[in-house]
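Have a look at the picture first, then read on.

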Amino acid sequence: MLRPHYLSLGALLYICLAPTSAEAIVIRHDRPDARYVDLAKDFRALGDVVEAGSTLVAPRWLLTAAHVAKEITPYTSFVSIAGKSYAIDRVILHPDHNKDRAQGRRDLALLRLASEVRGVEPIPLYRGEDETGQIVTFFGRGQTGNGLTGPAGEDGKLRGATNKLERVTAENVFFQFDQPDTATELEGISGPGDSGGPALIKVNGKWAIAGVSSANIGMGAGPCRYDTTEVYARVSTAAPWIDQTIKTSPPSTFAWQVSAPFQEWPKTRPGEVAAALISAYNSGNSDTFEAFSQTFRDAQALKRATPEQRSKGYADLFKRIGKVKTLEYVQGPTGNLLVLLENEKRQLYQLSMFFFDQENKRFDGYWIGEAKARAKAPGPRGG
């Protein structure tokens, strides 16, 4: 089974019904965690975006996964690099990305910043054809844990890990999370929330980006455990598109239709779900929220967790955020909605809803994460 990491985060959120700030890399169970933290201490080119990753590849450009880029909205069109926030003004998906699925043939996208990043050196592209057998080092702020537990929580720390690339295709590179007896010294695998982050190869003593974190395959024992396989979108074969995009700065790939200040929900399935979800959430009652889940969520989604797990997740989320009100929403190309919320402390959050189908009939689950007010200047809404 193949699951994009960003949606792995989503799948865990559907179980926990609580947002995560994507904190970092699943590691060997027999190595000190401090060594993985130390490996990442000098890596500054990681961009934190929509609770996932990206990499600075030019002063105004970040490379990330397409399925991450598709979650960038007027409320989340910003990235943090080396502790500083930058506005994103264009989102450009690779033309071979399959827009009907979260995981396309080329899970790559470029993000253009409104201003140049200074004081951080961009990472060059890996342009060789010899990735197989090479050791990669990768970084991320996704959920951490070890090969026995799988993703088990978060702590806000950036981690790095290593692995050996086992095979490549035109679009992807692959490595496996090996058991300790055959693993690299600091073997690891990307965790939920690490999507879009880089896999790097040393070239003449300097890093070059060879892959972009995309998905995890083989989750019989659970995601991101020993013996699962990691998929990274291959950079070398996409280098001509990356070069041309940076040179020409084409318009954004997709547009969001922005609503006026909220008055009523649209008469659509996403509007119906959003209204019921927020009403149930604001009840502060786990039984009420479970009734919403049973009524609106697809049977396939309900199998991922027990009612008790969903109840705990909802209670934790409500305790942390509290009641919310709807400020406005934006509508995507398929009619799905992203909703800007404000809690009683005047903190802003984005509600994202996920459906199994493009017709938005089969409701999968939702995600709530921190947001900013929509910028007045043009953002990633058509260029």
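## Two crossing helices

H5 and H8 sit roughly perpendicular to each other (the label for angles of 65 to 115 degrees). Helix H5 (residues 269–282) and helix H8 (residues 307–321) pack at about 80 degrees, their axes 10 Å apart. Here axes are lines fitted to C-alpha atoms, for helices over the stretch in contact, and angles between N-to-C directions run from 0 to 180 degrees.

Before going further: this is a predicted model, where local features need pLDDT of at least 70 and side-chain atom pairs count only at pLDDT 80 or more, while totals for chains, interfaces and linings use all residues. Residues are numbered from 1 along each chain as its sequence is written, and side-chain values use heavy atoms, leaving out hydrogens and water.

So who touches whom? On the H5 side, Ala-280, Tyr-281 and Asn-282 meet Tyr-314, Leu-317, Phe-318 and Ile-321 of H8 (contact means heavy atoms within 4.5 Å).

## A barrel and a hidden threonine

Now for the strands: 6 of them form a closed barrel in the order S3-S4-S5-S8-S7-S6, paired antiparallel (pairing takes at least two DSSP bridges). From one strand to the next, the twist averages 40 degrees.

Thr-64 lies in strand S5 and is buried, with a relative accessible area of 0% (buried means under 20%, using a 1.4 Å probe and protein chains only). The backbone oxygen of Gly-53 is 2.7 Å from a polar atom of the Thr-64 side chain.

| Element | Residues |
|---|---|
| Strand S5 | residues 61–64 |
| Strand S8 | residues 109–113 |
| Helix H4 | residues 239–248 |

Methods. Helix = DSSP H or I, 4+ residues; strand = E, 2+ residues; numbered from the N terminus. Parallel < 35°, antiparallel > 145°, perpendicular 65-115°, else oblique. Buried < 20%, exposed > 50% of the residue type's maximum accessible area, 1.4 Å probe, protein only. Polar contact = N/O pair within 3.5 Å; in protein donor to acceptor, adjacent residues only side chain to side chain.
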